[in-house]
Amino acid sequence: MELEPYLELPDPREAVEQMQIYSAPLEGRRELLRLDFNENTVGPSPLVAEAIKNIPANNISIYPEYHGLKEAIANNLNSRMKSSTKIEQLQIGVFNGVDAAIHAIFHAYGNIRDRLLTTTPTFGYYNPCAQMQGMETIAFPYEGREFRFPYERITDALHKYKPKLLLICNPNNPTGTRLKAEKIISLSKISPKTLIVIDELYEAFTGDSLLPLVDFNKTPNLLVLRSLSKTSGLAGLRIGFAIGHTIVINRLNRVTGPYDINSFAVTAALAALQDQAYVDKYVSEVLQAKEWIEGQLLSQKIRHHIGGGNYFLIWPKRNTKDITTAMKSQGILVRSMNGKALIDKSIRVSIGTTDQMKRFLHTFNEVDKIVT
Ligand SMILES: Cc1ncc(COP(=O)(O)O)c(C=O)c1O
C-alpha cells in the first residue's frame, strides 16, 4: 500500500521492515475435511465442550485466572512418564499456543546478529521469529531419500558457531523425521550457552519425548514445547506449554503478557487434561489410519513419504496447485509444499480416521489423472 506523498510514517525496526506477514490459508475451512493443518479431525473431548458451555456469562468480563492450571499440566505430564524426575510447576510456562512460546523464546534470547541453527524443511514459524530479531538463520537440509536428521552437520555447527538457539522439531513437520532423546541430550552438552528447543507438537504419535530422560536442573539449556492444539483438538482456543529450567521459563514469562491466555482456553485445557483417555483413543485411531494409508500408498505405488507425526507427504502426477484446487472442490483440504526445499511438488496430508483416509485416497485417485 502506497502512502500519500505529503504524509510521513514512523519507522518500524529495520528487521521488521525486511519481513513479510506470516500467512496461512485459514479461511473458509469449517465445512470441509481439513487435512491441511494436522489438526485433530474429530474435535475435542466432550468434557471440553461441556466445560465451556458451563462458563457463566459473568466470567467473560473478568480477567482470566490461572489457578490450578500448571498443577493440572504437571500432573498430566508426570502421570504419563515412567521417570523418577518429576516436572515441577515452576518448570512450566503457559502460552497462547506454542506459536506464542516460540515468539517469546526469540524475544527473550535472540539479539540482533545472533544465530539460529535449525533444519530445512521444517515448521514455518521459526524463521520469521529469527528475522524479526534480526538474527541469522543457518538451516541444514534433511538427508537422503528418508530425510534423515543432519546430525553430523548440526554437531559441527554447534561446535563451530555456538549459536544462541537451536530449534529441532521432533518429529519434524513436514518430513516426520525422528531424533532419539539420547542424541538430543548429547547435543546439549556441546554448547551449554545454546538454548536447544525441542518442538514436540507431534510427539504423541511417536512417543519419542525428551521429558522422561531430561533433568532440567542438570541440563538447563534444553526446552521442550507441547501444545493442546493437535491431539487434544484445542487449536481454536490457543494453548501451549514450554517445559524447561525454572530460570529459562522465568525469562520467557518476562516477555509474555500477564493475561495472554484467555479464560476459555484455561477452562478447556483443564477439561482436556482430565480426559487423557479421549486423547489416547484418538491417537491410536490415527495410528491405525496411518498404517492403512501407508499400505495403500505402497500397494498402489504412489510416491510418498511417511515418518513420525499425523501427516505424510505425497507427490501427485499433476502440479500441486491443480491438485489442491481439485481436492478442495471435492470438499477436502490438503497443503501444497511447493517451493519448499527437498519436498517441492509434494502435498502434505494430515492423517485423521481410517474412514477419512479412505475418502482422501478415493478423491486423490480421482483427481490425480493427467488428462491427455
Ligand atoms: C511443529 C509445530 N510447532 C508449533 C505449531 C504451533 O502450535 P500451536 O497451535 O500450539 O500454536 C505447529 C502448528 O502447526 C507446528 O506444526
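Colleague: How many bridges join E12 to strand E13?
Modeller: Two bridges join E12 to E13, which covers residues 347-350, and the two run antiparallel. Strands here are DSSP runs of E with at least two residues, helices are runs of H or I with at least four, and both are numbered from the N terminus. Two strands pair if DSSP finds at least two bridges between them. Also, this is a predicted model: local features need pLDDT of at least 70, side-chain atom pairs count only at pLDDT 80 or more, and totals for chains, interfaces and linings use all residues. Residues are numbered from 1 along each chain as its sequence is written.

Colleague: Okay, and which residue stands opposite Arg 348 in E13?
Modeller: That's Arg 335.

Colleague: What sheet are those strands in, then?
Modeller: An open one of four strands, in the order E9-E10-E13-E12, with antiparallel pairing. Its edge strands are E9 (304-305) and E12 (335-336), each pairing on one side only.

Colleague: New topic. Which residues come nearest the ligand?
Modeller: Gly 97, Val 98, Asp 99, Ser 227 and Ser 229, out of 14 residues around the ligand. A residue is near a molecule or strand if its C-beta atom, placed from the backbone, lies within 6 Å of it.

Colleague: And how does that shell divide into nonpolar, polar and charged?
Modeller: Six nonpolar, six polar and two charged. Ala, Val, Leu, Ile, Met, Phe, Trp, Tyr, Cys and Pro count as nonpolar, Asp, Glu, Lys and Arg as charged, and the others, Gly among them, as polar.

Colleague: What about the backbone: where is there a cis peptide bond?
Modeller: One runs from Thr 120 to Pro 121, with omega near -5 degrees. Pro 121 is in the loop between strand E3 (115-120) and helix H5 (126-132). Another joins Asn 170 and Pro 171, with omega about 0 degrees. Pro 171 sits in the loop between strand E5 (165-169) and helix H7 (181-190).

Colleague: What's phi like at Phe 147?
Modeller: Near 55 degrees, a positive value in a residue other than glycine. Phe 147 is in the loop between strand E4 (136-141) and helix H6 (151-161).

Colleague: Is Phe 147 buried or exposed?
Modeller: Buried, because Phe 147 has 21 C-beta neighbours inside 10 Å. The cut-offs are 20 or more other C-beta atoms within 10 Å of its own for buried, 12 or fewer for exposed, and partly exposed in between, with C-beta atoms placed from the backbone.

Colleague: And Lys 301, buried or exposed?
Modeller: Exposed, with 7 other C-beta atoms within 10 Å. Lys 301 also has a positive phi of about 55 degrees, although it is not a glycine.
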